[in-house]
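This report describes a ligand site and some of the residues around it. The sequence and structure come first.

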Amino acid sequence: MTTPSLIPVKPEVAARTRIDSEAYARLYRESIDDNEGFWRREGQRVDWMRPYTQVKDVSFDASDLHIRWYADGQLNVSANCLDRHLEKRGDKTAIIWEPDNPADAPRHITYRQLHEEVCRFASALKAQGVGKGDRVTIYMPMVPEAAVAMLACARIGAMHSVVFGGFSPDSLASRIVDSGSRVVITADEGVRGGRAIPLKGNVDEALAQPGVDSVEKVIVVRRTGGRINWFEDRDLWYGDLIADASPDCPPEAMDAEAPLFMLYTSGSTGKPKGVLHTTGGYLVYVAMTHELVFDLREDDIFWCTADVGWITGHSYVVYGPLANGATTVMFEGVPNHPDVDRFWQVCDRHRVTILYTAPTAIRALMREGDEPVQRWRRDSIRLLGSVGEPINPEAWGWYYRVVGEERCPVVDTWWQTETGGILISPLPGATDLKPGSATRPLFGIQPALVDAEGRILEGATEGNLVLLDSWPGQMRTVYGDHQRFIDTYFKTYAGMYFTGDGCRRDEDGYYWITGRVDDVINVSGHRIGTAEVESALVAHAAVAEAAVVGFPHDIKGQGIYAFVTLTSDSQPSEDLRKELVQTVRACIGPIASPDHIQWAPGLPKTRSGKIMRRILRKIAANEHDQLGDISTLADPGVVEGLVNNRLIR
Ligand code: WTA
């Protein structure tokens, strides 16, 4: 079955849309021509405790870099996500929680209940001495208490740093140290796909490492009741704190540019960086994009399947939906447990109207065939979304035809941890769809394609994706390392924000993201820096040198391929291979496990000693007939050896 390469806006969708294609074109032009006026109006989406008079104060010039939005305004994010809905939506469900095991009862939490719980927990944090500017690490499973913890931090002006529950104690430790967190909020255990994850045990292990000494308290949510160790003077039960705390906790008035959270993400070099987002601009941006891209209605049941440990979970499980007074689904489990029809079961059970998930999940479910999908009705769904990595047209077509029965538009949304919210995406009532294309920029967003020298390319072309101007949801700094922020994003091309992505633009002005052009690998929609995996590998005593590249993977989008040179007294063996995989899992987490490790007696290097990853990528992709010029290598002979012993054929 083939999917057409152009799918016009459906008449049914066009009939009820607030923004049709003409309105999009007009509003987009206006938003660029009078950018400040546009954002001045959009800022009114949220409630301000002190109204802003300033709107935009931005320079992308590396020598004078600053990004400030609504700078003299004050507001509180939790008040916007909770208090302001109480009058009209107090009894509306804010969060539907679907547990890992479908035999267990889901939870429905109203805005009023969520408000009370957040206030209580915020009071409890205050009683522990947590206040404005303090950092709190959240290492939690997908349970409502994770959202409560985030909102409670926002209420009292503390910054949260959510660390994905799949990261190892080592990764958790380095993030705690970098953020200088005083409190860690966790659960006894997480549950995913029927398996328990020892979150509290991992926290204990992280805090026992030398140099991890900022943490005063660990707050533990009881999820499974499983056995854990307990440190009397450090550990506190969340349930006890909530029970004793005051439900009265007025929200702090925060400056628009006060930090809201940091979230660690991988870059092309060095350790993961703490991407910092601030209060006002971030909230305006996620509220706007959540409403526009999903054409949000009051009675929608919105399900974003991302974990709160990632930016997608921050912006479109928690902050965007709650700022808009929507009902958001939080799913604890995985797509294939207990069976591969779980997603569709959840859609029917909760009458989901908008489903927002990742290509890797779509591809994995597509492989199981149409039958598991057709076991369920899915008649409540009206819109499908995709995020996190390029979606191949085949997966797009299956999502559209089989899941959405050609009734539901598919919005392929391109954005990044750094951008806070969606930048390029169709609007369901305005944009004709092309499978595999994120289509066009949202209002106020100015993408451009540049060549290697930073010259802007016009028309239908391919190049590096940059943004020429700021938007309120843009990250403001790398926590603790502002210079790294400037160097990473604003030095490659002067006066522009560089995304790290390659992109094609077609004759209709549609954008097609082709993937990372730097040393970041996108594995199942998760960003992994090759440098991180390499440093994990060389941490093993048998490894002299390692070079890691991505390769095309049917389900994960990209897989991890490692070339490893052993020390002279070590021998390759299956046991050693397993040990190295284990080392990476311990240093980073299971998501960074190499798919392939190839023993490499030597690595292709330039005469100055730089590893030529371009060549390794070709070998890993089994495209060794396209190696290009290897004559500049110090020892061109190593390439032939690697090609002959490649693992993918
Ligand atoms: C990739 C996730 C193609 C891209 C929100 C980007 C995409 C990186 C898409 C950011 C998409 C995200 N099409 N590629 N619709 N969405 N990406 O920070 O390479 O986890 O730079 O943010 O994912 O990943 P991050």
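Which backbone atom of Gly 388 lies 3.1 Å from the ligand, and from what kind of ligand atom? An N or O atom of the Gly 388 backbone is 3.1 Å from an oxygen atom of the ligand. The model is predicted.

With Arg 527 the side chain is involved: one of its polar atoms lies 2.7 Å from a ligand oxygen atom. Of the 530 Å² of accessible area that the ligand has on its own, the protein covers 96%.

## The shell

The ligand is surrounded by 17 residues, and the closest are Asp 412, Thr 413, Thr 417, Asp 501 and Arg 527. Sorted by class, the shell has 6 nonpolar, 6 polar and 5 charged residues. Helix H12 (311–323), strand S20 and strand S26 (511–516) each contribute at least two residues to the shell.

UniProt, in an unreviewed entry, lists a "binding site" that includes Gly 388, Pro 390, Asp 412, Thr 413, Trp 414, Thr 417, Asp 501 and Arg 527. Among the other positions in that record are Glu 389, Trp 415, Gln 416 and Arg 516.

Thr 413 belongs to strand S20, which spans residues 410–413. Its relative accessible area is 2%, so Thr 413 is buried, the limit being under 20%. The Thr 413 side chain makes a polar contact of 2.6 Å with the side chain of Tyr 356. Leaving out residues up to four places away in sequence, Thr 413 touches Val 293, Tyr 356, Ser 386, Val 387, Ile 422, Ile 424 and Ser 425.

Trp 414 sits in the loop between S20 and strand S21 (447–450). Trp 414 has 7% relative accessibility and therefore counts as buried. With residues up to four places away in sequence again left out, the contacts of Trp 414 include Ile 422, Leu 423, Ile 424, Ala 438, Leu 465 and Leu 467. Thr 499, Asp 501 and Ile 513 are also among the residues that Trp 414 touches.

## Asp 575

Is Asp 575 buried or exposed? Asp 575 has a relative accessible area of 55%, which means that this residue is exposed, the limit being over 50%. Asp 575 is part of helix H19 (residues 574–587). Between Asp 575 and Val 466 there is a sequence separation of 109 residues and a C-alpha to C-alpha distance of 45 Å.

Key:
Residues numbered from 1 in each chain as written. Predicted model: local features only at pLDDT ≥ 70, side-chain atom pairs only at ≥ 80, totals over all residues. Heavy atoms only, no water. UniProt positions renumbered as here; feature names shortened; annotations may be inferred. Helix = DSSP H or I, 4+ residues; strand = E, 2+ residues; numbered from the N terminus. Buried < 20%, exposed > 50% of the residue type's maximum accessible area, 1.4 Å probe, protein only. Contact = heavy atoms within 4.5 Å. Polar contact = N/O pair within 3.5 Å; in protein donor to acceptor, adjacent residues only side chain to side chain. Near = heavy atom within 4 Å. Areas by Shrake-Rupley, 256 points an atom, 1.4 Å probe, with all protein chains shown as cover. Nonpolar A, V, L, I, M, F, W, Y, C, P; charged D, E, K, R; others polar.
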